[in-house]
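I opened this entry to keep track of what I looked up, beginning with a helix pair and ending with the fold as a whole.

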Amino acid sequence: MTVLDHTSTSTSTSTSTSTSTSTSTPAPARPAASPAVVAAAARGATKTYGSGDTQVVALAGVDVDFEAARFTAVMGPSGSGKSTLMHCMAGLDRLSAGSVTVGGVDVTAASERELTLLRRDRLGFVFQAFNLVPTLSALENITLPITLARRRPDQAWIDTVVETVGLTHRLGHRPGQLSGGQQQRVAVARALATRPEIVFADEPTGNLDSATGAEILAFMRHAVRDLGQTIVMVTHDPVAASYAHRVVFLADGRVRDELLAPTPDAVIDHMRRLGGR
Ligand code: ADP
C-alpha cells in the first residue's frame, strides 16, 4: 500500500467546465487562512464493465478531490457513474484504470486485506437501507465497528456523537423499535463512531419523508461543520444537495461541473443543463 502526502492541497477538478457560486445560502464557515486538505481523490478513474460489444464505460476518467471537513454532494443523471465512483473510492469495487486515494492511502494498490482494514478503520458508510443489525441495540449498532476492530472506544467521542444525533434516550432500543429517521440517525452515528477520515453516504435520505430527511441532512452538516467530519453524499435530490458545501456533477462517467454553496434552484438548473430531471 502506498502512502502519499496526506496534507497536499486541493487542486480544482480538472474537467469542471463552469464553477458557479451562489451567495443566497452561505456555506458553513471555515477559517479563511486554513489550506484545504484533501481527504479523498480520484485521478483518471476509469471503470468498465464487460467487454466487446457489451462493454459499459461507467467511469471515463474522473478527476476529483474531496476536501477534508467539507460536505460534498455528488449528483448526475441515472447511469452517470455516481454509485460506481462511490464504490471505487470506498474500496468496495476496483477501478479498471486510474487511481483513488483516501487519507493519502492509494486504495488502487491495496491488497484485499489492506482494503478490509481501510474500510474498517478509516471509512464510514451510510446506505439508503440503513443496514443496521436488527438484534443489536442502537448503542451496540453504533459501537459495532469499534467492537469488530477490538478497539477501545473513545467514550467522549461516542457520547458527543450520540448526543448530537439526539439518541440519548433511545440507546437501548433495537432498530425495529425505532422510526426510519431514528434508524438512519443510528446509521449515521455508527458511520462516525470510529472518527473515519471520510464518510460515504449513498442516498441516505432516499427512504425518508422530507421532514425526517431534513433532520438527517442537518445532522450530517453539523457533523461536518462542528465535529470536523468529511462527508461525500450521492443524491438525486436538489434539496438534499443544497445542504452540502459543494456539488460535483457527473455525466457519462465524467465530472462535468461543480457548484459551491448550492441552492436547490441552482442545483436544478445545473441538472437541467446536464440533461437530468
Ligand atoms: P448512477 O449511480 O449514476 O446511476 P452507476 O454507477 O450505477 O450510475 O452506473 C454507471 C453505468 O455502469 C450504468 O450504465 C450502469 O448500467 C453500469 N453498471 C453499473 N454497475 C454495473 C455492473 N455491475 N455490471 C455492468 N454494468 C454496470
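At what angle do helix α3 and helix α5 pack, and how far apart are their axes? I noted first that this is a predicted model, in which local features need pLDDT of at least 70 and side-chain atom pairs count only at pLDDT 80 or more, while totals for chains, interfaces and linings use all residues. Residues are numbered from 1 along each chain as its sequence is written.

Helix pair. I found that α3 (residues 138-148) and α5 (residues 180-192) pack at about 30°, with their axes 7 Å apart; axes are lines fitted to C-alpha atoms, for helices over the stretch in contact, and angles run from 0 to 180 degrees between N-to-C directions. That makes α3 roughly parallel to α5, a term for angles under 35 degrees. In the contact, A138, N141, I142, L144 and P145 of α3 meet V186, A189 and R190 of α5, where contact requires C-beta atoms, placed from the backbone, within 7 Å. I sorted the residues of this contact into six nonpolar, one polar and one charged, with Ala, Val, Leu, Ile, Met, Phe, Trp, Tyr, Cys and Pro taken as nonpolar, Asp, Glu, Lys and Arg as charged, and the others, Gly among them, as polar.

Ligand shell. I then listed the residues around the ligand, which are Y49, V56, A58, G76, S78, G79, S80, G81, K82, S83 and T84, a residue being near if its C-beta atom, placed from the backbone, lies within 6 Å. The elements giving two or more residues to this shell are β3 (56-67) and α1 (82-89), and α1 gives the most, with three. Helices (H or I, at least four residues) and strands (E, at least two) are DSSP runs, numbered from the N terminus. By class the shell has three nonpolar, seven polar and one charged residues.

Backbone. I checked phi, since most residues other than glycine have a negative phi. A69, in the loop between β3 and β4 (71-75), has a positive phi near 60°, and R195, in the loop between α5 and β8 (198-202), has one of about 50°. Within 10 Å, A69 has 18 other C-beta atoms and is partly exposed; R195, with 15 such neighbours, is also partly exposed. The cut-offs are 20 or more for buried, 12 or fewer for exposed, and partly exposed in between.

Whole protein. I recorded eight helices and 11 strands, and 43% of the 277 residues count as buried.

Terms used
Angles under 35 degrees count as roughly parallel, over 145 as roughly antiparallel, 65 to 115 as roughly perpendicular and the rest as oblique. Two residues are in contact if their C-beta atoms, placed from the backbone, lie within 7 Å.
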